[in-house]
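I opened this notebook to record what I looked up in one structure, entry by entry. The entries follow the order of my reading.

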Amino acid sequence: MPSLPTISEKDEARAAASDAGAPEGSFDAPTASAHDEATIAYVTSLGDDALILGQRLSEWCGHAPALEVDLSLANMGLDLIGQATNWLGLAARHDERYANADALAFHRDVLDFRNCLLVEQPNGDFAQTMARQLLFSTWQHLLLERLAGASDEAIAGIAAKSVKEVAYHRELSHDWVVRLGDGTEESKRRMAAGLDWCWRFIPELFEVTEELEALVQRGIAVDPRSFEEEYRAALAATLEEATLDAPAEQRPILGGRRGHHSEHLGHLLAVMQYLPRTYPEAKW
Amino acid sequence: MYTTELDKQKQPPEGANVTAIDGAEDPALVEAFEARVAADEFIEPKDWMPEAYRKTLVRQISQHAHSEIVGMLPEGNWITRAPSLRRKAILLAKVQDEGGHGLYLYCAAETLGTSREEMIEALHSGKAKYSTIFNYPTLTWADIAAIGWLVDGAAIMNQVPLQRASYGPYARAMVRVCKEESFHQRQGYEAMLVLANGTPEQKRMAQDAINRWWWPSLMMFGPPDDQSPNTERSMRWRIKRETNDELRQKFVDITVPQAEFAGLTVPDPDLSWNEAKGGYDFGEIDWEEFYAVVRGEGPVAKERMKARRDAWEDGAWVREAADAHEAKKAARKVA
């Protein structure tokens, strides 16, 4: 269903906040401003990935294995919260139901979250956190590099801005997986266990639903299968450097993109959303 | 954040026997050192310095560093529950800044010949102190606003003069720290204004927060001058530039009008403007509580120390792995 908003106060706010530059009405980019339901859902899923992983990383703050690690985890968390704000802000500008990014972040329940299952996995130990980061940041980096050339300028703009940050996340998680894999016996065992925990969520990153397929056809979204080989090769290279074996392939666990999550997400949302939900009239 | 020097347990701190230590040192060197400090010159790591100066500085800078690190915990308690994306980002950035301050300060202290591991060990064993303020719990979101406004506000009072501290690495770390603390204080006050002008529930949170944080904030400046035996020497050495009571008075004079502007009541029935001194008179601080918290008996002191020890112990395998990996890489290079 296309989003055809009625003229409202919100439209004025949107106009003011609009990402200028979208070639609205130009014949060669007919889909550029068509933020229909599928596009909004896609943008929301990109925002939810960043939000939920940012929230997870922020749980480490003050508790990391060393001060320098604490700073780098907080830094990645901050980048991701910023990306989430941009993606969800864009989604909200084209979704009548939500006034702004905060409404999307704090006033949806589990079934409406579109993040992948990988990002909502608990931090576990530092090895599991780094396994999750490597698997996600490598995927996100390859995706955003391509999305930066998408036909929708607003989407391309956010992707181009985020890709630099994510390149650093990818590098950092690669370095830690190598250090831990090729460190001590204990760190190797923990790193292998962390990867084993996360491995079954990889296929979901490359799942292409009918809605996504349609957006790919329109040049709005990127088909993740186009970089799956590169992704697998990058992981294999990291594991080799880390002197680790790839975990055995496991039965894929899917569902996040359709709102069917792990049990972990409900708890994360209960914590994250508690204040705005308890005081719905309040502004902060 | 900053803690004033905290070894005020009514007995002389280790290394405070200035006469004995200085007595063993070359009087000409001591005299030259004192003259340089009196002339507001910076003392640098390779310069000669009296042993008592070195020890006092290590204690003061490491206490400051520990305060930054322990101080991440009360605020970190609310990062996952921040009520908007903007507040979450601000708080995460702020707590990250505190970690960064801890890092510069540990580095500054290391230039005096004590390793970060030794300092952290002293914190975890209870030998080293950190600011009393972080032994109070953050119960509501308004506590985060109160910490920014009052605790960082008090920290700035303490730190601005230390940008002129005699020890170069410390003074330079303070320049950077002060810039960030100023942002922290402003965001805290801004968050508090939003609450104070918000719904009845938000106003209640805001008033409750100032009720609980006001007195502990005044305690951050340390004991009264007549019970602060090291003040005179530290001022002579330019590692303390204003007395505890002077700084406390400045803080009260600046902060009370801010509370009034926000429509919040300062929880002190004895607070009144004194025209003659051009400042506020305020009530007696509960020094019994202060000394109890210094001794490690604060409301959440056990939780704070447990959190720090757990993070350190749980992370030991990561640090060991990083060292082992570096060693392997170095060995491969040689081979």
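This is a predicted model: local features need pLDDT of at least 70, side-chain atom pairs count only at pLDDT 80 or more; totals for chains, interfaces and linings use all residues.

**Entry 1**

**Entry 2. Chain A overall**

I looked up the secondary structure of chain A and found 12 helices and zero strands. I then asked how much of chain A is buried: buried residues make up 54% of its 284 residues. The accessible surface of chain A comes to about 11,900 Å², and 54% of that surface belongs to carbon and sulfur atoms. I also checked the contacts in chain A with a separation of 6 or more, and residues 24 or more positions apart account for 80% of them.

**Entry 3. A histidine in chain A**

I selected H169(A), which lies in helix α7, residues 153–181 of chain A. Is H169(A) buried or exposed? I recorded a relative accessible area of 0%, so H169(A) is buried. Setting aside neighbours within four places in sequence, I listed the residues in contact with H169(A): M76(A), D79(A), L80(A), Q83(A), Q133(A) and S137(A).

**Entry 4. Extent of the interface**

I turned to the two chains together. I found 46 residues of chain B in contact with 47 residues of chain A. The two chains bury about 3,900 Å² between them, with 71% of it on carbon and sulfur atoms.

**Entry 5. Polar contacts and the chain B side**

I counted 14 residue pairs in polar contact across the interface, both residues of each pair being at pLDDT 80 or more. On the side of chain B that touches chain A, several helices each supply at least two residues, among them α4 (72–76), α5 (85–110) and α14 (316–334). I noted that α5(B) gives the most to this side, with 13 residues. I classified the residues of this side of chain B as 26 nonpolar, 10 polar and 10 charged.

**Entry 6. Salt bridges between the chains**

I found 37 salt bridges over all chains, and the count between chain B and chain A is three. One is formed by E68(A) with R116(B), their closest N and O atoms being 2.4 Å apart. In another, K328(B) is paired with D182(A), and the closest N and O atoms are 3.2 Å apart. K328(B) lies in helix α14 of chain B and D182(A) in the loop between α7 and α8 of chain A, so this pair joins two chains. I recorded K328(B) as partly exposed at 33% relative accessible area, whereas D182(A) counts as buried at 5%.

**Entry 7. Salt bridges within a chain**

How far apart are R190(A) and E186(A) in helix α8? They are four residues apart, so about one helical turn separates them. R190(A) is partly exposed at 23% relative accessible area, and E186(A) is partly exposed at 29%.

In chain B, E34(B) forms a salt bridge with R236(B), the closest N and O atoms being 3.0 Å apart. E34(B) lies in helix α2 and R236(B) in helix α10, so the pair ties together parts that are 202 residues apart in sequence. Finally, I noted one network in which salt bridges that share partners join E75(B), K94(B), E98(B) and D152(B).

Notes:
Residues are numbered from 1 along each chain as its sequence is written. Chains are lettered from A and ligands numbered from 1 in the order in which they are written. Side-chain values use heavy atoms; hydrogens and water are left out. Contact means heavy atoms within 4.5 Å. Buried area is the accessible area (1.4 Å probe) that two parts lose on being put together, summed over both. A salt bridge is a side-chain nitrogen of Lys or Arg within 4 Å of a carboxyl oxygen of Asp or Glu. A polar contact is a pair of N or O atoms within 3.5 Å; within protein, one must be able to donate a hydrogen and the other to accept it, and residues adjacent in sequence count only if both atoms are side-chain atoms. Ala, Val, Leu, Ile, Met, Phe, Trp, Tyr, Cys and Pro count as nonpolar, Asp, Glu, Lys and Arg as charged, and the others, Gly among them, as polar. Buried means under 20% relative accessible area, exposed over 50%, partly exposed in between (1.4 Å probe, protein chains only). Accessible areas come from the Shrake-Rupley method with a 1.4 Å probe; for residues, only the protein chains shown count as cover.
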